Amino acid sequence: MIAILKDDMIQDFQQGSEKAFQMVFDHYYRRLVGFVSKLTDNEQEAQDISLRTFQTLFKRCQLFNSENNIRAFLYVSARNNSLNYLKAKKRLDRKKKTLFEKLSNDTRVCYAYSITEDVVEIIQAAIEALPPESKRVFKMLYYEDLKPSEIAEILQISVNTVYNHKSLAIKKLRLLLAENSVALAWLVQVAIFCR
């Protein structure tokens, strides 16, 4: 593969030069998205994983002394993040299947879970109104069924920060959903479920 960074640009990259970052990003982003997309079979997730991989690369820029190291880091990290996504998706699919089996066996529970569309919309709007980082952590906990330690690794933050974002999200959702008892019941269940 043709090197795009000369030795002086590698030094600039290590020192946090935006120009060097932009060159690396412009050269590798589409390639990385294509690679991740083949692994995950999900274009949107491929873009998200690729962007998170670049964020991690840029945070650790001083560690890379060659373009080969940069390229290897991008592809290995993207592969690992893709595998984490696929594992989480598999767990979520299993949980959905289990929940469906439970619901189909108990008509009372089926009725209780047949939340009206307007309540679902209220819940989704409340989640979207969360602060960006708290929303992201909440969705990773609840929708992707990731463990706090997995989220911390993916987002390159401490586990304690994950718990702080989760706590903030639940407090904010409690306020946003205060006037709807069905939505609050859902939130209580989620708070217990996402431990």
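Reply: Ser134 has a relative accessibility of 1% and therefore counts as buried; buried means under 20% relative accessible area, exposed means over 50%, and partly exposed lies in between, with a 1.4 Å probe and protein chains only. This is a predicted model, in which local features need pLDDT of at least 70 and side-chain atom pairs count only at pLDDT 80 or more, while totals for chains, interfaces and linings use all residues. Residues are numbered from 1 along each chain as its sequence is written, and side-chain values use heavy atoms, with hydrogens and water left out.

Ser134 sits in helix α7, residues 132-142. Helices here are DSSP runs of H or I with at least four residues, strands are runs of E with at least two, and both are numbered from the N terminus. Leaving aside residues up to four places away in sequence, Ser134 touches His165, Leu168 and Ala169; contact means heavy atoms within 4.5 Å. With His165 there is also a polar contact, side chain to side chain, at 3.3 Å. A polar contact is a pair of N or O atoms within 3.5 Å; within protein, one must be able to donate a hydrogen and the other to accept it, and residues adjacent in sequence count only if both atoms are side-chain atoms.

Helix α9 covers residues 159-176. Its 18 residues, at 1.5 Å a residue, should span 26 Å, and the end C-alpha atoms are 26 Å apart, which agrees. The expected span is 1.5 Å times one less than the number of residues. The buried residues of α9 are Val162, His165, Lys166, Ala169, Ile170 and Leu173. Seen down the axis of α9, these buried residues fall within an arc of 135 degrees, so they line one face of the helix; the arc is that of the directions from the helix axis to the C-beta atoms. An α-helix has 3.6 residues a turn, so residues three or four places apart point the same way. On the face of α9 turned away from the buried side are the exposed residues Asn160 and Leu175.

A salt bridge also involves Lys135: its side chain meets that of Glu128 at 3.2 Å, N to O. A salt bridge is a side-chain nitrogen of Lys or Arg within 4 Å of a carboxyl oxygen of Asp or Glu. Glu128 is partly exposed, at 42% relative accessibility. Through shared partners, salt bridges join Glu128, Lys135 and Lys139 into one network.

The whole structure holds 4 salt bridges. One of them pairs Glu43 with Arg30 at 3.5 Å, N to O. This pair links distant parts of the chain, with Glu43 in helix α3 and Arg30 in helix α2, 13 residues apart. Glu43 is partly exposed at 37% relative accessibility, whereas Arg30, at 51%, counts as exposed. Beyond four places in sequence, Glu43 touches Arg30, Val33 and Ser37. Another salt bridge, between Glu45 and Arg52, has its closest N and O atoms 3.7 Å apart, and both of these residues are buried.

Nonpolar cores come next. A nonpolar core is a set of buried Ala, Val, Leu, Ile, Met, Phe, Trp, Tyr and Cys residues joined through side-chain atoms within 4.5 Å. The largest has 22 residues, of which Phe13, Val24, Phe54, Leu57, Phe64, Ile70 and Leu74 touch the most other members. At least two residues each are supplied by α1 (7-14), α2 (18-40), α3 (43-59) and α4 (67-105), and α2 gives the largest share, 8 residues. Apart from this core lies another, of 12 residues, among them Ile123, Ile127, Phe138 and Ala183.

Ile10 lies in α1 and is buried at 7% relative accessibility. The C-alpha atoms of Ile10 and Glu67 are 7.2 Å apart, although the two residues are 57 apart in sequence.

For the protein chain overall, the secondary structure is 10 helices and 0 strands. Buried residues make up 36% of its 195 residues. Of its contacts with a separation of 6 or more, 61% are between residues 24 or more positions apart.
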